[in-house]
Amino acid sequence: MITCHLRYLIDPYKLHEFETYACMWIPLVERFGGTHHGYFLPHEGPNNVAVALFSFPSLAAYEDYRQRSHADPECQAAYAFAERTRCIASYERSFMRPIFK
């Protein structure tokens with residue numbers, strides 16, 4: 001299993017728009033075979049940092065999702081929404097592997 005950790009720098013005045021964007025992606029990731037662990041929005045601390053975590057069975061499965069998402073109309077609508085509202089200033093993507101005991 002591989003977990004994608006996304007760290008977003010968001011516009012704190014467009015938190016509602018970012019939340020709308022986040023709600024668009026959760027079912028999309030799951031439709032493509034991933035498990036979405038949620039988006040985490042600012043509460044205490046910096047008001048412009050949000051995080052998302054989702055997992056795929058393998059890096060190959062994640063890469064398949066990425067390729068298929070670029071051709072999917074609903075995914076393209078989510079990308080366009082973020083671009084149109086400018087709720088995301090930037091993001092960083094990293095991959096981790098979980099340890100279960």
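1. Let me begin with the largest pocket, which holds about 350 Å³ of space. A pocket here is an open set of points on a 1 Å grid over the protein atoms alone, where a 1.4 Å probe fits, with protein on both sides within 12 Å along at least five of seven lines. Grid points are joined across faces, edges and corners, and the volume is the space filled by probe spheres set on the points. Of the 20 residues lining this pocket, Tyr8, Tyr21, Tyr79, Tyr91 and Arg93 are the closest to its centre; a lining residue has an atom within 4 Å of a point.

2. A word on the basis of these notes. This is a predicted model, in which local features need pLDDT of at least 70 and side-chain atom pairs count only at pLDDT 80 or more, while totals for chains, interfaces and linings use all residues. Residues are numbered from 1 along each chain as its sequence is written, and side-chain values use heavy atoms, with hydrogens and water left out.

3. Which elements supply the pocket lining? At least two residues each come from strand 1 (2-10), helix 1 (15-31), strand 2 (35-40), helix 2, helix 3 and strand 4. Strand 4 gives the most, with 5 residues. Helices (H or I, at least four residues) and strands (E, at least two) are DSSP runs, numbered from the N terminus. By type, the lining divides into 14 nonpolar, 3 polar and 3 charged residues; Ala, Val, Leu, Ile, Met, Phe, Trp, Tyr, Cys and Pro count as nonpolar, Asp, Glu, Lys and Arg as charged, and the others, Gly among them, as polar.

4. Next, the largest nonpolar core. This core has 24 residues, and Tyr8, Phe18, Tyr21, Trp25, Tyr39, Phe54 and Tyr65 have the most contacts inside it. Such a core is a set of buried Ala, Val, Leu, Ile, Met, Phe, Trp, Tyr and Cys residues joined through side-chain atoms within 4.5 Å; buried means under 20% relative accessible area, exposed over 50% and partly exposed in between (1.4 Å probe, protein chains only). Strand 1, helix 1, strand 3 (49-56), helix 2 and helix 3 each supply at least two of the core residues, and helix 1 gives the most, with 6. In soluble globular proteins, nonpolar side chains tend to be buried together.

5. Phe18 is worth a look: leaving aside neighbours within four places in sequence, Phe18 is in contact (heavy atoms within 4.5 Å) with Tyr8, Ile10, Tyr39, Leu41, Ala50, Cys87 and Ile88.

6. Where do the buried residues of helix 2 sit around its axis? They are Tyr62, Tyr65 and Ser69, and they fall within an arc of 55°, so they line one face of the helix. The arc is that of the directions from the helix axis to the C-beta atoms. These residues pack against helix 1, strand 3, helix 3 and strand 4, whereas Ala60 and Gln67 are exposed on the other side.

7. Ser69, in helix 2 (residues 59-69), has 0% relative accessibility. Beyond its neighbours within four places in sequence, Ser69 touches Phe32, Cys75, Gln76 and Tyr79.

8. Finally, please check the end of helix 3 (residues 73-85), where Thr85 is placed. Phi of Arg86 is near 55°, a positive value in a residue other than glycine.
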